Amino acid sequence: MNCVGCDAHITEWDSDNTYNWCTGCGNYGIAAALKRALNAEHLTPQNTLLCFDIGCHGNGADKISGYVFHGLHGRVIPFASGAALANSRMKVIAESGDGGALSEGINHLVHAVRNDYNMVFILHNNANYALTTGQASATTPIGTPMNASPDGVVAPPLNVCQFILNLNPSFVARGYSADVNELTEIFQHAMNHRGFAFVEVIQDCPTYNKVMSHDWTFPRVVKPDGTQTALNSDINTAITVAQQFPEKIHTGVLYQRPENVDYINRLVQRLGKDTELVDEVELSHPVAELLAAFR
Ligand SMILES: Cc1ncc(C[n+]2csc(CCOP(=O)(O)OP(=O)(O)O)c2C)c(N)n1
Ligand code: SF4
Ligand SMILES: [Mg+2]
């Protein structure tokens with residue numbers, strides 16, 4: 001773990017494009033925390049792959065430099081998982097909204113957690129489909145009037161961390177978009193985890209999420225004791241903590257499995273290999289050999 005505050009090389013991640021999120025949007029805080037964490041962990045645009053889903057959060061894809069993928073709604077996890085399996089020299093970070101990850105792509109999320117692919121996954125949970133102007137998502141509180149459900153949402157919301165913790169994950173954390181310092185620390189912990197590091201970020205969306213405003217969320221946040229983010233290795237305690245949402249929004253690392261072995265390191269076919277899959281494809285695939293002849 002390196003320092004949080006040093007932004008000396010953070011401009012390495014800046015792009016020439018200007019952010020265009022609404023004033024007060026939590027995506028600003030998440031983007032800032034991500035850049036700080038990347039910088040603090042000495043990750044570079046050359047050894048990092050950033051994968052974005054479709055949505056307001058995904059419009060940050062061209063606001064950061066480096067290798068960036070911006071794919072179909074709900075499908076960021078299959079792409080990121082494949083990339084992580086192909087080349088573990090790259091730090092793979094995937095981001096999605098609650099719409100993409102908890103509706104269209106929930107199947108991918110379940111199996112990525114279960115298989116424990118080695119990547120950081122950041123869920124921008126603003127409790128609505130924001131880019132398409134504020135429809136209800138799986139995390140919108142019951143009774144909330146939304147576009148396309150003006151009489152109020154009738155289904156109860158998904159408790160995200162409780163749901164993920166019941167999938168036998170190796171890492172679950174939660175942060176709040178308005179607390180950039182804590183979020184930076186949480187992202188750093190996630191980047192140091194070997195396996196699927198799931199981070200839910202409760203994200204302000206002042207334009208469409210009027211119920212869970214900053215004034216609603218902030219008093220509910222319960223940070224871990226002390227200045228350091230607490231690490232919890234007892235999954236049952238973590239589930240109990242997660243169940244307190246939304247009355248109490250516990251932040252920090254809720255659970256981390258000690259001495260975790262991720263998916264690719266459980267494959268007997270990979271034991272003893274000092275190459276990555278991507279190297280082997282380049283060496284042996286006939287199309288790659290053909291292409292090499294034209295280099
Ligand atoms: C397969 C598919 N379904 C629907 C859409 C339309 N669409 C684009 S963004 C979006 C909602 C995004 O909500 P969320 O994933 O929560 O991201 P946010 O905008 O809230 O950050 C939808 C439904 C799409 N682009 N592709
Ligand atoms: S609609 Fe919401 S999520 Fe989208 S940019 Fe505006 S505040 Fe952010
Ligand atoms: Mg959303």
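Modeller: Before we start, one term: buried means under 20% relative accessible area, exposed means over 50%, and partly exposed is in between, using a 1.4 Å probe and protein chains only. By that rule Asn128 is buried, because its relative accessibility is 2%.

Colleague: OK, and what kind of model is this?

Modeller: This is a predicted model, where local features need pLDDT of at least 70 and side-chain atom pairs count only at pLDDT 80 or more, while totals for chains, interfaces and linings use all residues. Residues are numbered from 1 along each chain as its sequence is written, chains are lettered from A and ligands numbered from 1 in the order in which they are written, and side-chain values use heavy atoms, with hydrogens and water left out.

Colleague: Back to Asn128, then. Which protein donors does the magnesium ion (ligand 3) have?

Modeller: They are Asp98 (OD), Asn126 (OD1) and Asn128 (O), lying 2.1 Å from the ion. Donors here are N, O and S atoms within 2.8 Å of the metal (3.2 Å for Na, K and Ca), and water is not among the atoms, so sites may look incomplete.

Colleague: What spacing do those donors follow along the chain?

Modeller: For the magnesium ion (ligand 3) the pattern reads D-x27-N-x1-N.

Colleague: And Asn126, buried or exposed?

Modeller: Asn126 counts as buried, because its relative accessibility is 6%.

Colleague: Switching to ligand 1: how many residues surround it?

Modeller: There are 16 residues around ligand 1, and the closest are Cys56, His57, Gly99, Gly100 and Leu131. To be near, a residue needs a heavy atom within 4 Å of the molecule or strand.

Colleague: Which atoms of Cys56 and His73 does ligand 1 meet?

Modeller: One oxygen atom of ligand 1 sits 2.8 Å from a polar backbone atom of Cys56. For His73, an N or O atom in the side chain is 3.0 Å from an oxygen atom of ligand 1.

Colleague: Now salt bridges. How many are in the whole structure?

Modeller: A search finds 8 salt bridges, each being a side-chain nitrogen of Lys or Arg within 4 Å of a carboxyl oxygen of Asp or Glu. One of them joins Asp62 and Lys63, whose closest N and O atoms are 2.6 Å apart.

Colleague: Is Lys63 buried or exposed?

Modeller: Lys63 counts as buried, because its relative accessibility is 6%. Asp62 counts as partly exposed at 40%.

Colleague: What about Arg194, which residue does its side chain meet?

Modeller: Arg194 meets Asp262 in a salt bridge (3.3 Å, N to O). Arg194 is partly exposed at 31% relative accessible area, whereas Asp262 counts as buried at 1%.

Technical notes: Polar contact = N/O pair within 3.5 Å; in protein donor to acceptor, adjacent residues only side chain to side chain.
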